[in-house]
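Try each task before reading its solution.

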Amino acid sequence: ARIRHFLQQVHVEFPVLLDPGGHTATQWRVYVFPSTFVIGPDGKIHYGVNAALPWDSPEVLQKLRILLAHKKQP
């Protein structure tokens, strides 16, 4: 209920997944919270950081541009 309430306040436009038993966190090697992952259409992690990210920083934007460029290639 606390998480739902928070998400209603911040109005995120991406899925937020919960892992009450910690099984996925172990598989994905999550060591700290928050952790950030970009999952490709293939279901694989293409970018992951065990930290909060400033999504509009030049470094992160460049990484996302590189990922998008690879996606567009045949």
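**Exercise 1. The hairpin**

Task: In the hairpin of S1 and S2, find the glycine with a positive phi and state how many residues lie between the strands.

Solution. This is a predicted model.
- Step one: five residues lie between the strands of this hairpin.
- Step two: the glycine is Gly43, with a positive phi near 85°.
- Step three: look at the pairing. S1 and strand S2 (residues 45–49) run antiparallel, joined by four bridges.

**Exercise 2. A threonine in a strand**

Solution. 
- Thr36 belongs to strand S1, and Val49 in S2 stands opposite Thr36.
- Step two: apply the cut-off. Buried means under 20% relative accessible area.
- Step three: list its contacts. Beyond neighbours within four places in sequence, Thr36 touches Tyr47, Gly48, Val49, Ala51, Leu53 and Trp55.
- A polar atom of the Thr36 side chain lies 3.3 Å from the backbone oxygen of Ala51.

**Exercise 3. Backbone exceptions**

Task: Locate the cis peptide bond between Phe33 and Pro34, then examine the positive phi values of His11 and Arg29.

Solution. 
- Step one: recall the background. Most residues other than glycine have a negative phi, and most peptide bonds are trans.
- Step two: take the cis bond. Omega is about 0° for the bond joining Phe33 and Pro34. Pro34 sits in the loop between H2 and S1.
- Step three: turn to His11. Its phi is positive, about 50°, although His11 is not a glycine. His11 lies in the loop between H1 and H2. Its relative accessibility is 61%, so His11 counts as exposed.
- Step four: turn to Arg29. Its phi is also positive, near 60°. Arg29 is in the loop between H2 and S1. Its relative accessible area is 58%, so Arg29 is exposed.

**Exercise 4. The largest pocket**

Task: Describe the lining of the largest pocket by count, position and residue type.

Solution. 
- Step one: start with the volume, about 1100 Å³.
- Step two: count the lining. There are 27 residues, and Phe14, Pro15, Val16, Leu17 and Ser35 lie nearest the centre of the pocket.
- Step three: find the elements. Helix H1 (2–10), helix H2 (23–27) and strand S1 (36–39) each give at least two lining residues.
- Step four: sort by type. The lining has 22 nonpolar residues, four polar and one charged.

Note on methods. Residues are numbered from 1 along each chain as its sequence is written. This is a predicted model: local features need pLDDT of at least 70, side-chain atom pairs count only at pLDDT 80 or more; totals for chains, interfaces and linings use all residues. Side-chain values use heavy atoms; hydrogens and water are left out. On a 1 Å grid over the protein atoms alone, a cavity is a set of points where a 1.4 Å probe fits but cannot get out, and a pocket is an open set with protein on both sides within 12 Å along at least five of seven lines; lining residues have an atom within 4 Å of a point. Grid points are joined across faces, edges and corners, and a volume is the space filled by probe spheres set on the points. Ala, Val, Leu, Ile, Met, Phe, Trp, Tyr, Cys and Pro count as nonpolar, Asp, Glu, Lys and Arg as charged, and the others, Gly among them, as polar. Two strands pair if DSSP finds at least two bridges between them. A polar contact is a pair of N or O atoms within 3.5 Å; within protein, one must be able to donate a hydrogen and the other to accept it, and residues adjacent in sequence count only if both atoms are side-chain atoms. Contact means heavy atoms within 4.5 Å. Buried means under 20% relative accessible area, exposed over 50%, partly exposed in between (1.4 Å probe, protein chains only).
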